[in-house]
Amino acid sequence: MSQTKRRRVIAGNWKMFKTQAETRAFFSTFVPLVSASRHCSIVVAPPFTAIPAAVAAAKNTNIAISAQNLHWEKEGAFTGEISTGMLVEAGCRYVIIGHSERRQFFGDTEETVAKKTKAALAAGLTPVVCVGEHLSHRESGQTHKICKAQFDGGPGLLTPDEFSRVLIAYEPVWAIGTGRTATPEMAAEVHKFLRQLAAEKFSAKLAEALRILYGGSVKPDNIKGLMAQEELDGALVGGASLDAKSFASIVNFTS
Ligand code: PEP
């Protein structure tokens, strides 16, 4: 399948940044800058409290709103957690799952990533499941082993129908927030490997349709080089998505 058949996704992960007022200010600059963009889906993931402000600001635009995490249970005694129903009601269409910061600091495991992914799909949300190796893994030649374990323990456990509705983000941990980007060739090599895992586990057709985003210090000055790789179906952008002009120039990388 040619690249043009996989619609690209450029998603911004705001992490724990921006109040509601800052969110409204972001969208008032961002919306006009990307309103004519048709070449990719645009997603913004604010913190939970700013989701309603983001949804209101993105209404009737080409921008979808994502959450950054969820709990797999519908409701219950889970202090501090947010369910899929709450996210859907708030207007979210996507949810980031298993980001390395959640795996590293908040105890996300292969098992919870799998539960969260299934819950998101059952609620009609599109999960963006993050995988990626630490620097020590890359330096010791374990990149494929780690990515395979994360794939097998997460997206690999889905049914084919569920898998067809998932996005994967390959985010080498050593490239997140460090200014150190994987070269386009390094990223493409791992994307190809993940696609091969998808073909082995599911089918060639589902593997070809799978969208794999790259994340890790994506900036306005490196997005073009990354997107020149057919294997890269978009980007998950952290720091550079906080500034409306900078994120718009990433979204508009084709112009
Ligand atoms: C991220 O948070 O997913 C990310 C890739 O961050 P950054 O772009 O800042 O490296």
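The points below go from the whole chain to a few individual sites.

1. **Basis.** This is a predicted model, in which local features need pLDDT of at least 70 and side-chain atom pairs count only at pLDDT 80 or more, while totals for chains, interfaces and linings use all residues. Residues are numbered from 1 along each chain as its sequence is written, and side-chain values use heavy atoms, with hydrogens and water left out.

2. **Overall fold.** The protein chain has 12 helices and 8 strands; these are DSSP runs numbered from the N terminus, with helices (H or I) of at least four residues and strands (E) of at least two. The C-alpha atoms fill a box of roughly 50 × 45 × 35 Å along the principal axes.

3. Of the 255 residues, 53% are buried, meaning under 20% relative accessible area with a 1.4 Å probe, protein chains only. Among contacts with a separation of 6 or more, 73% join residues 24 or more positions apart; a contact means heavy atoms within 4.5 Å.

4. **Helix H12.** Which elements cover the buried residues of H12? They include strands E1 (8–13), E2 (40–45) and E8 (234–237), together with helices H1 (20–34) and H11 (223–227). H12 (residues 244–251) is mostly covered, with 6 of its 8 residues buried, among them Phe 247 and Ile 250. At the start of H12, a side-chain oxygen of Asp 243 comes within 3.3 Å of the backbone nitrogen of Lys 245, a polar contact (N or O atoms within 3.5 Å, one able to donate a hydrogen and the other to accept it; residues adjacent in sequence count only if both atoms are side-chain atoms).

5. **His 191.** This residue sits in helix H9 (residues 184–201) and is buried, at 0% relative accessible area. A polar atom of the His 191 side chain lies 3.1 Å from the backbone oxygen of Glu 231. Leaving out residues up to four places away in sequence, His 191 touches Tyr 170, Ile 212, Leu 213, Tyr 214, Glu 231 and Leu 232.

6. **Tyr 94.** Tyr 94 belongs to strand E4 (residues 94–97). Is Tyr 94 buried or exposed? It counts as buried, because its relative accessibility is 9%. Beyond residues up to four places away in sequence, its contacts include Val 43, Ile 65, Leu 125 and Leu 167.

Methods:
Buried < 20%, exposed > 50% of the residue type's maximum accessible area, 1.4 Å probe, protein only.
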